[in-house]
Amino acid sequence: MMARSKTSNAWLKEHVNDSYVQMAQKDGYRARAAYKLLEINDKDKLIRPGTVLADLGSAPGSWSQVAARIVGDSGKVFALDILPMDPIADVAFIQGDFREQEVLEEFVALLGGRELDLVISDMAPNISGMSSIDQARSFHLTELALEFARDHLKPGGSFLVKVFQGSEFQDYMKAMRELFTEVVTRKPKASRDRSSEIYLLGKGRR
Ligand SMILES: C[S@@+](CC[C@H](N)C(=O)[O-])C[C@H]1O[C@@H](n2cnc3c(N)ncnc32)[C@H](O)[C@@H]1O
């Protein structure tokens, strides 16, 4: 018990002192994760006015907030999470487990036949450590996200996905390179250094 409360105190201290948390409060974003997408977007110009995109694992909603602010009236944001998400203007949201066929079908119906310019996936299972089970669950979500990108991206479209470096990483890179003309890795500053998360960006869906 002692160790656990020490750990959570440390977490709380780091969280409160974290400048990204403070910025998020000031800028009206629901999570510090907003700055990961903003930094990647500054560099790679994925989201522009008119972009039609899907945000997988969207709750609490900071990536959808960032995207909705940029795409404007001519674009569209479709979002999905297993958890509820408070509404965001101009974001169409479905709550459900992305691993379930019915949920996928409901989300695809929401797209109404539109092909996407961009798929962003920040999905990650609820984990405490990085056990092999956690890794397998996480990898399964990234695989499903890639499958979704393959099925719904326009030729030329892009795919940004959070992955945890593990044994399957190289195979995943290979699958990404088969689908996209260019694949790069991104580790934005707002991604805590000790985290093994990294973002892969596929550009130019073949
Ligand atoms: C790091 S958070 C996303 C934060 C989000 N990008 C933001 O900026 O607010 C990861 C999300 O993945 C979601 N998730 C995990 N497993 C999922 C699943 N099977 N289906 C859908 N969403 C899932 C979690 O509920 C969680 O909200």
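In strand β2, phenylalanine 78 stands opposite alanine 54. This is a predicted model, in which local features need pLDDT of at least 70, side-chain atom pairs count only at pLDDT 80 or more, and totals for chains, interfaces and linings use all residues. Residues are numbered from 1 along each chain as its sequence is written. Helices (H or I, at least four residues) and strands (E, at least two) are DSSP runs, numbered from the N terminus.

Strand β1 (residues 52–56) runs parallel to β2, and five bridges join the two. Two strands pair if DSSP finds at least two bridges between them. Helix α4 packs on the sheet, where it touches β1, β2, β3 and β4 (116–121); the direction of α4 makes about 170 degrees with that of β2. Helix α6 (residues 132–152) also packs on the sheet, in touch with β1, β4 and β5 (153–164), and its direction makes about 175 degrees with that of β5. Contact here requires C-beta atoms, placed from the backbone, to lie within 7 Å. Axes are lines fitted to C-alpha atoms, for helices over the stretch in contact, and angles run from 0 to 180 degrees between N-to-C directions.

The sheet as a whole is open and has seven strands in the order β3-β2-β1-β4-β5-β7-β6, with mixed pairing. Its edge strands, β3 (91–95) and β6 (180–186), each pair on one side only.

Around the ligand stand 23 residues, each with its C-beta atom, placed from the backbone, within 6 Å of it. The closest are Ala33, Gly57, Ser62, Phe98 and Asp122. The elements that give two or more residues to this shell are α4 (62–71) and β2 (76–81).

How values were computed
Contact = placed C-beta atoms within 7 Å.
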